[in-house]
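I opened this model to look up two things, the interface between its chains and the surroundings of its ligand. My entries follow in the order in which I checked them.

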Amino acid sequence: MAEAFGLILRWDRELSVIVMLSLQVTLSAVALACLIGLPLGALVGAFRFPGRGVITVLLNALMGLPPVVVGLFVYLMLSAAGPLGVLGLLYTPTAMIIAQTILVTPIIAALTKQVVEDLHGEYAEQFASFGVTARTRVAALLWDARYSLLTVALAGFGRAVAEVGAVLIVGGNINHVTRVMTTTIALETSKGNLQLALALGVLLLGLAVVVNAGVMALRVSAVRAAYA
Amino acid sequence: MRDTVMESAQDCIASILTARSLGFAAGGQVLLQGIDVDIAKGKRTLIMGANGAGKSLFLRLLHGLLPPSFGTVRWHGERPAKRAQAMVFQRPVMLRRSVIANLRFALRVQGLGWRAREAGAREALEMAHLTEKARQPARLLSGGEQQRLAVARALVCDPEILFLDEPTSSLDPASTQMIEDLVNAAHARGVTVVMVTHDQGQARRMGDSVIFLHAGRLAEEGPRDQVLDAPRSEAARAWMAGRLYTRNDF
Ligand SMILES: Nc1ncnc2c1ncn2[C@@H]1O[C@H](COP(=O)(O)OP(=O)(O)OP(=O)(O)O)[C@@H](O)[C@H]1O
Ligand SMILES: [Mg+2]
């Protein structure tokens, strides 16, 4: 354990490459998932249309997608024989971002739908009275729910950063190329190199705590201002 | 349709909104029925009646928030656009923003540019005596301040008709006075006012005419003094006399 902390304190290049790639992949995936999931969730949350129930059920079901299945799916798409094989993306960080985006988008969309639906219940009559356009409605709901949506994005981040199965399959855990915190932990543990695995585990935990604390602080101040 | 317009040409001059055989049903229950009224242009029409009489429902139908189950609501304004009307709800809905941002939002919905929005918001703040609270979250305002903001926000929409659903029902006299001042100022500028109230004093102060609803029906309608001082319907008579009655009594 002491050695594990020593590793963190020394912060060598090896460690920093792994952590940086982890953050880069996860943050990109979460950003993409937000880009798709926020508007999608807001549309489903703020409008009634045929097929709305089906989409809701689908989104909720996809929230629990097993990462390895997503990994397998993306692998099949990107492998040399697959339909997107020509892009040569397999075993690159891009492939990992794609897999995580698929994993996280339903989470963001489903949670956003819930948040927006609740807020819309409150605003609907006032909006109808104002005569707001559909676009203004979505934009205003997303904006006014921003503090709750931050928590939604955080849920996506948590899921992505801690995930192993999908990134292992499509990334291949190649040293200095696609090796991230979780895959390294898996690998080093199986090799018996527990210090590095432990160090990364502690870092992962620390990351989760820091991000959560930050979002919580924001939310508390938002609640105090009655904005959430 | 043309016929109806011709037929009521006389009314058109004086009335901005007419309800004909207006009714609403939900969940297999008829909640409002057979209402015929003309809302006089530029006047203040007050709606009275007991709890559950259908006042809020009636207001929603007039405002177009609910589609009528029976009958029609016809609009005779020069600007038949939806936004030529605004409503202050019984429970005001404050956006989760600052006071001034609530006003800006309403102004942006009108399609105004940045400059006009800022000017309009400032003016409305002053009118509502909320300039000091401009940056405060709207939801942290007191009940009276929220009502003032709701009225000011409705007025920046530049409505031809302003609907208000018991805007002063839980306010003290000073706050009530401020709301009445805002509404009267709008009326002086030519805005048609349709307002629900429980308060006879308020009806006397502000009403040009009074509509009295009872158990989902129009019990009585007429000039203020007539309805308040010499009501013909049993329900209105009981109400004005301060007698307790239930919807089954008449
Ligand atoms: N959308 C709706 N669906 C079903 N019932 C409704 C609906 N809106 C109102 N009601 C019912 O219609 C009746 C009249 O309601 P309304 O809110 O108009 O009363 P009100 O006269 O405004 O009463 P108060 O003075 O308490 O505000 C009530 O019994 C209410 O439960
Ligand atoms: Mg009511």
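I counted a salt bridge where a side-chain nitrogen of Lys or Arg lies within 4 Å of a carboxyl oxygen of Asp or Glu. By that rule I found 4 salt bridges between chain B and chain A, and one of them joins B:R60 to A:E125, with the closest N and O atoms 2.3 Å apart.

I noted that this is a predicted model, in which local features need pLDDT of at least 70 and side-chain atom pairs count only at pLDDT 80 or more, whereas totals for chains, interfaces and linings use all residues. Residues are numbered from 1 along each chain as its sequence is written, chains are lettered from A and ligands numbered from 1 in the order in which they are written, and side-chain values use heavy atoms, with hydrogens and water left out.

Taking contact as heavy atoms within 4.5 Å, I listed 23 residues of chain B against 21 residues of chain A. I then looked up the buried area (the accessible area, 1.4 Å probe, that two parts lose on being put together, summed over both), and the two chains bury about 2,000 Å² between them, 56% of it on carbon and sulfur atoms. B:R96, B:R97 and B:F105 supply 33% of the area that chain B buries against chain A, more than any other three residues.

A polar side-chain atom of B:S56 lies 2.7 Å from an oxygen atom of ligand 1.

How values were computed:
Polar contact = N/O pair within 3.5 Å; in protein donor to acceptor, adjacent residues only side chain to side chain.
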